[in-house]
Amino acid sequence: MQSTLNVIISIVRTPAILVGLIAVLGLALQKKSGPDIISGGIKTFIGFLVLTGGAGIVTNALTPMGKMFIHAFNVQGVIPNNEAVVATVLVKFGTATALIMLVSMIINVLLARFSHFKYIYLSGHVMLYMAAMIAVLMEVAGFELIPEVLLGGLMLGIANTAMPALLQPFMRQVTKSNTVALAHTGDFGYWLAGVMAKLTGNKNKSTEDLKIPKSVSFLRDSTVAITITMAVIYVILAIFAGSDFVGKMSGDVNYIVYALIQAGTFAAGVYVILTGVRLILNEIIPAFKGISQRLVPNAVPALDCPIIFPYAPNATIVGFFSSFVGGIVSMFIMIALHTVIVIPGVVAHFMCGATSGVIGNAVGGRRGAIIGSFVQGIFISFLPLALIPVLGQIGLGNAMFSDSDFGIVGSIVGWSGHAGGVMAITAAILISFVVFIVASIIASKRAAVKKAAK
C-alpha cells in the first residue's frame, strides 16, 4: 500500500509526468491515433521538463544574488523559501500531506464538473507545498488522520478551483482567450496586482511598446535586455558584498566575472522557460479538448506561472524588480516597527513579481505593471508574519512559505485552529465550502444573464 502510494505521489508531484498523462488522456478521449497520442504526451512531458529545467537554472542563478544582498546589507530574519519548509514538513507529516493532496485533486475535478468554475489545477509541486502546510496546521490543532485528510483535501480542493477562477478575468486579458488559466500559489497576489493595475494604470502604454533609439535597438531582443539589466544588478551587489565574500562562492573565478556569469545564466534560464512554455501550449491546449468534451464540460487547464511569461517578456523583468523593491521597502518598514524581519526572497519575487508584471501590464500598461507588482511584493512580504505564530512553534520560524495563497489559506486554517482548535478549523472549512457554492451560483446566474442579453 505504502509503495503504491509513493508511486502515485511521485507522479502527482512531478508536473512533467502529470501533465503528460493529462495530455495522453485528452488525446485518447478524442480517439486520436496511437502515434498522435504518444507524440502529444511525449512533447508535453518534454515541454515541462524544459520549463522546469529553465526554472532551475533561474533559481540557481538567483541564489547567489540573495546571499550577496543579505551580506551586503547585513540583515537577518525569516527567509521565504517554500522548498526549505516543505523538506522539513515531509519528514514528520509526509503521509498526511500525500493523502490531502490526492483528496484535493478528486475534489478539484468534482467541483470543476458540477460548479460554474471549470478549472483543473495541474501544478502538482505547489499543490504538494500547500498540502504540506495544511497538514502541519491541522496536526498542530489535534486532528486525527482521517478527518484531517478529508477536511484538508476539501480545503485545498476549494482553493485549487477558486483561485484560478478569481484570476481568470485578468488572464483572459493577457492571453486574449479562455483556453488556459493560472495554477500557482501566488494567484491571490496576482489578482491583487491586477486590481491595483486596473485602478492606477494606463492600458494604452504597454511595456512591450517601449520606444528604443536605433543606436540601442539591440535591446529590443528580450534576451539581450535581460542579460544587460541583470549584469548591472549582479555587479553592483558583488561590489557591495565584497570580493572576499563573493570569492567563497566563485572559487577561482574573479568575483566580477562570476557576477556576469550569473547574470548570463539567469537570462539563459528565462530563455529556456519561454521555449518550454511554447512547447507545452502547442500540445496541452488541443489535448485538453478531449477532457473538456467528455469528463468536465468546458474544462480549462490551470498551469504554472511561467506559462504567461512569453506574452510580455519586458513586463516579466519590470515586475520582478518592482516586486523586489516592494520587498526591500517592506523590510525597512519591519525594521522600523521592530517586528520579525522578512528578507526579500529573490526567487519568490521573481516568480510572483514577473507574473504580476505581465498581468499588470495587460490590465494597466507600464504603470500597472510597476504598481501592481510593487503592491504584490509588499503583500507577500507581510503575509508570512501572519503564519509565523502558527507555524513557528514546530520549528519553521527561520524559513517560511513565500507566496500569497499560503498566507490566505494558512491564515484561515491556522488562526481558526489557534482560536478554537479542531472544531474551529472544521467550521472554517465548511464555511469556505458554502461560500464557494454561493459564489458558483451567483457566477452561473450572471453568465446566464449575459448570454440572454446577447
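Predicted model: local features only at pLDDT ≥ 70, side-chain atom pairs only at ≥ 80, totals over all residues.
Let's start with His349, which sits in helix H12, spanning residues 346-391. Is His349 buried or exposed? With a relative accessible area of 2%, His349 is buried, because that value falls under 20%. The side chain of His349 also has a polar partner: a contact of 2.7 Å joins it to the side chain of Ser323.

Next comes Ile425, found in helix H13, which covers residues 404-453. Ile425 counts as buried, with a relative accessibility of 0%. Setting aside neighbours within four places in sequence, Ile425 is in contact with Leu137, Met138, Ala141 and Phe143, and also with Val413, Ser416 and Gly417. For a sense of distance, Ile425 and Thr200 are 225 residues apart in sequence, and their C-alpha atoms are 37 Å apart in space.

Here are the two residues side by side:

| Residue | Helix | Relative accessibility |
|---|---|---|
| His349 | H12 (residues 346-391) | 2% |
| Ile425 | H13 (residues 404-453) | 0% |

Now for the sheet. Three strands form an open sheet in the order S2-S4-S3, with parallel pairing. Strand S2 (119-121) and strand S3 (181-182) are the edge strands, each pairing on one side only. How many bridges link S2 and S4? The parallel pairing of S2 with strand S4, residues 300-303, runs over three bridges. At the residue level, Tyr121 has Ala302 in S4 as its bridge partner.

Definitions and conventions
Residues numbered from 1 in each chain as written. Heavy atoms only, no water. Helix = DSSP H or I, 4+ residues; strand = E, 2+ residues; numbered from the N terminus. Buried < 20%, exposed > 50% of the residue type's maximum accessible area, 1.4 Å probe, protein only. Polar contact = N/O pair within 3.5 Å; in protein donor to acceptor, adjacent residues only side chain to side chain. Contact = heavy atoms within 4.5 Å. Pairing = 2+ DSSP bridges.
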